[in-house]
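Take a guided walk through a protein model. Keep the sequence and the 3D view open as you read.

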Amino acid sequence: MKNVLLLLIFSTVTHLSFAQTPQGINFQAQARGSDGKLLENATVMAKFSIIETLPSATPVYVETHSTTTDNTGLFNLSIGNGTVTSGIFSSIQWAIQPMFLKVEIDNGDGTGFKTISTFQLATVPYAFYAGKSKEAETATNYNEIDPIFENSIASKITANDTIRWNASGSFDGDMQNQRIINLADPVDNLDAVNKAYVDALLSKISSIEFSLYENGVVTLEDCEGNTYPVVKIGNQIWMAENLKTTKFPDCTDIQLVNNNTTWDNLSISDAAYSWYNDDINNKDLYGAYYSWAAAMNGSDYSANNPSNVQGLCPNGWHIPSQLEVMELGMYLGGEGTPVTFDFSQGGGKLKEVGIVNWNSPNTGATNETGFTSRPTGGRANSGVFVLEGESSYFWTTTQYGSPDRIVSYSTHNNSISITRNSTPIDSGLPIRCLKD
């Protein structure tokens with residue numbers, strides 16, 4: 001089963017996007033074998049299921065495809081135009097949320113389809129939803145009554161009320177010291193402030209904190225004495241290299257795994273780490289590769305910004321969430337898509353320059369941020385190291401649809417993108433810590 005999962009785990013282009021027509025959903029993926037190599041010009045059998053409300057629910061629509069990869073391992077499908085197993089694609093109620101997509105692959109070993117991933121569709125395909133809305137628009141004898149609204153105070157609001165609310169002006173009466181004044185330039189203790197004022201203040205604080213690290217007043221050090229450079233990108237302060245501690249923040253040891261078989265036998269709750277190619281001489285180059293259980297150090301998933309998950313990070317630092325990486329991507333000029341949360345730009349600004357560590361061509365690498373992303377690849381859940389030289393990965397705290405999938409982010413030798421990935425929870429990836 002694990003060699004099948006490698007089809008998508010470290011795909012550099014794995015994503016789906018919605019076409020602006022109601023005929024289907026475009027799906028693109030890159031196929032790789034258990035050794036990490038591209039499956040070029042190979043036949044792929046895929047099954048797609050659309051599921052409403054819960055990932056474990058009975059699918060409302062199922063179809064299969066037989067297709068062939070190109071010479072880069074890529075294949076493209078249109079979900080909604082395959083061989084239908086059950087359901088009617090045009091009858092799917094896209095307004096129902098959440099909606100999930102289940103992807104299964106048959107690798108031809110005679111055991112049938114195996115599940116690769118089940119993940120939530122993060123947005124409703126506009127054209128599909130619009131089609132259903134048009135039906136409602138042209139319906140006759142349609143009357144909707146909301147009993148909760150009808151019995152609430154809000155139902156009594158009139159047009160005159162809203163006119164007064166939207167009117168400009170000021171109030172300077174006695175509100176018993178509760179007046180809101182001087183929003184942009186507070187003076188008195190009880191003055192409120194606006195968001196722009198708070199953002200500017202946070203930026204100043206971030207600059208001061210970074211200056212303390214930059215000038216050696218404060219040193220970032222983990223439990224066993226490893227020190228790390230830092231870099232300020234926007235209002236965030238990041239480690240400028242990967243974490244390499246072998247101990248939890250309380251200085252107890254993390255389990256070292258130094259062979260493929262032991263890693264393959266880890267459970268999803270086993271906290272472990274390894275060095276690239278099980279060689280400690282790669283410690284300073286790539287840092288350590290941690291299981292997600294080790295990275296989180298007992299904490300639960302987090303999709304918040306900030307994540308508030310210290311994990312293995314030194315005190316005052318934390319594992320980033322998906323939203324925090326998105327903040328980084330947007331600052332670097334990337335345009336995130338509403339489904340994949342990938343960023344078409346910004347990766348080059350994070351990558352170490354040259355082809356000493358990166359495979360050629362290392363497209364667009366400038367490292368102008370000082371982030372110094374190196375091509376670590378990752379340790380698949382089978383224990384095999386894959387994509388070293390081609391891609392750089394790090395964990396986040398955020399679940400990707402199903403409990404056994406975690407959001408990771410990566411940069412690549414052949415693009416300037418920052419890519420969101422669905423990574424099995426029992427894989428091994430590096431960690432980049434973010435300042436609290």
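Start inside, at the largest cavity. It is lined by 14 residues, and F371, S373, S392, F394 and T411 lie nearest its centre. This is a predicted model: local features need pLDDT of at least 70, side-chain atom pairs count only at pLDDT 80 or more, and totals for chains, interfaces and linings use all residues. Residues are numbered from 1 along each chain as its sequence is written, and side-chain values use heavy atoms, with hydrogens and water left out.

What is a cavity here? On a 1 Å grid over the protein atoms alone, a cavity is a set of points where a 1.4 Å probe fits but cannot get out. A pocket is an open set with protein on both sides within 12 Å along at least five of seven lines. Lining residues have an atom within 4 Å of a point. Grid points are joined across faces, edges and corners, and a volume is the space filled by probe spheres set on the points. Rolling a probe the size of a water molecule over the atoms shows where empty space is left.

Back to the largest cavity. Its volume is about 90 Å³. A search of the whole structure finds three cavities of 30 Å³ or more. Helix 9, strand 19 (391-400) and strand 20 (402-412) each give at least two residues to the lining of the largest cavity. Helices (H or I, at least four residues) and strands (E, at least two) are DSSP runs, numbered from the N terminus. The lining of the largest cavity has eight nonpolar residues, five polar and one charged. For this count, Ala, Val, Leu, Ile, Met, Phe, Trp, Tyr, Cys and Pro are nonpolar, Asp, Glu, Lys and Arg are charged, and the others, Gly among them, are polar.

Now move to the largest pocket. About 420 Å³ of space lies in it. Of its 19 lining residues, N235, Q236, E327, K435 and D436 are the closest to its centre. Which helix gives the most to this lining? Helix 5 does, with five residues. Helix 5 (195-214), strand 12 (236-239), strand 16 (317-318), helix 9 (322-331) and strand 23 (434-435) each supply at least two residues. The lining of the largest pocket divides into six nonpolar, seven polar and six charged residues.

Stay with helix 5. A200 lies in this helix. The C-alpha atoms of A200 and N235 are 9.8 Å apart, and the two residues are 35 apart along the chain. A200 has a relative accessible area of 39%, so it is partly exposed. The cut-offs are these: buried is under 20% relative accessible area, exposed is over 50%, and partly exposed is in between (1.4 Å probe, protein chains only). I205 is also placed in helix 5. I205 is partly exposed because its relative accessible area is 41%.

Next, look at the salt bridges. A salt bridge is a side-chain nitrogen of Lys or Arg within 4 Å of a carboxyl oxygen of Asp or Glu. The structure holds five of them. In one, E241 pairs with K244, and the closest N and O atoms are 3.0 Å apart. In another, D284 meets K244 at 3.3 Å, N to O. That pair links distant parts of the chain: D284 sits in helix 7 (residues 283-286), K244 in the loop between strand 12 and strand 13 (255-256), 40 residues apart. Is K244 buried or exposed? K244 is buried, because its relative accessible area is 9%. D284 reaches 55%, so it is exposed.

K247 and D253 form a salt bridge too, with their closest N and O atoms 2.5 Å apart. K247 counts as partly exposed, at 22% relative accessibility. D253 counts as exposed, at 55%. Salt bridges that share partners join E241, K244 and D284 into one network.

Finish with the backbone. Most residues other than glycine have a negative phi, and most peptide bonds are trans. The peptide bond from N305 to P306 is cis, with omega near 5°. P306 is in the loop between helix 8 (292-296) and strand 16. N297 lies in the loop between helix 8 and strand 16, and has a positive phi of about 50° although it is not a glycine.
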